[in-house]
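Colleague: Hi! Could you walk me through this one before I set anything up?
Modeller: Happy to, here it is.
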Amino acid sequence: MPLMIGGGEGKPYIRFSPSINSWEMSTPDGRTEFTWDAPVVFDVHGLQLGWMRIDAQGRDWQPWPSLNQRAPSPGEEYKIGFKIDVVSNKLFGDEPTREFSANTFGPLQFISALYDACENAEEFKAGQVPVIKITGSKPVKVGKGNTRVPEFEIAKWVPRPDELVASDEGVTQSAAPAQAQAKPEPTPVVEDDEF
């Protein structure tokens with residue numbers, strides 16, 4: 001496999017471009033557009049909020065201590081952003097775990113709606129993760145401009161895939177107590193071909 005040399009940590013990623021209503025993923029040859037033809041696990045427990053600057057030099061990410069504790073802004077060029085891991089063997093092939101991050105209105109509205117849909121679910125409190133279907137995007141007027149907000153549905157809940165278990169150090173402080181309080185009953189192993 002070719003080296004993935006580039007900015008940031010070099011972690012494979014996905015991005016949403018509201019202006020062209022397009023999803024892209026990183027590849028050894030650069031970004032490539034993809035279609036949501038399979039559901040994806042979103043690691044909502046590992047969601048991080050923080051300050052993000054995106055410019056010609058790349059991204060600078062300054063995470064907050066927790067979802068409920070905002071850090072002081074490092075500068076006026078930084079905007080509120082998020083970072084979350086997603087997993088799909090079907091969509092992402094050899095790099096099934098990818099990072100989705102952004103600091104623009106459409107993706108922020110999407111991640112906020114996703115978190116709101118999950119945080120009070122019993123499955124979430126038991127430490128399970130949602131399998132999400134992206135169903136499209138809706139146009140939204142923002143000030144004098146327009147953007148798009150991805151739309152989704154929760155297909156089901158599953159135990160944390162092995163790909164996410166290794167990254168548990170990223171579990172948010174606000175989600176961690178719920179995981180510790182409620183241990184889920186053993187569940188059948190999830191087949192990789194489901195997502």
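Modeller: One term before we start: a residue counts as buried when its relative accessible area is under 20%. Also, keep in mind that this is a predicted model.
Colleague: Thanks! What share of the 195 residues counts as buried, then?
Modeller: That comes to 44% of the protein's 195 residues.
Colleague: And how much accessible surface is there?
Modeller: About 10,700 Å², with 49% of that belonging to carbon and sulfur atoms.
Colleague: How many helices and strands does the protein have?
Modeller: You'll find 5 helices and 10 strands. As for the contacts between residues at least 6 apart in sequence, 62% of them join residues at least 24 apart.
Colleague: Switching topic: what is the mean pLDDT?
Modeller: The mean is 84, and 80% of the residues reach 70 or more. Over residues 1-8, though, the pLDDT is below 50, and that stretch has 6 contacts beyond near neighbours in sequence. Residues 169-192 are also below 50, with 34 such contacts in the model.
Colleague: How should I treat coordinates where pLDDT is low?
Modeller: Predicted coordinates there should not be read in detail.
Colleague: Good to know. I was looking at His45; where is it found?
Modeller: His45 sits in the loop between β4 (40-42) and β5 (48-55).
Colleague: Is His45 buried or exposed?
Modeller: Buried, because its relative accessibility is 0%.
Colleague: And what does the His45 side chain reach?
Modeller: The backbone oxygen of Phe124, at 2.8 Å.

Conventions
Residues are numbered from 1 along each chain as its sequence is written. Side-chain values use heavy atoms; hydrogens and water are left out. pLDDT is the predictor's confidence in each residue, from 0 to 100. Contact means heavy atoms within 4.5 Å. Helices (H or I, at least four residues) and strands (E, at least two) are DSSP runs, numbered from the N terminus. Buried means under 20% relative accessible area, exposed over 50%, partly exposed in between (1.4 Å probe, protein chains only). A polar contact is a pair of N or O atoms within 3.5 Å; within protein, one must be able to donate a hydrogen and the other to accept it, and residues adjacent in sequence count only if both atoms are side-chain atoms. Accessible areas come from the Shrake-Rupley method with a 1.4 Å probe; for residues, only the protein chains shown count as cover.
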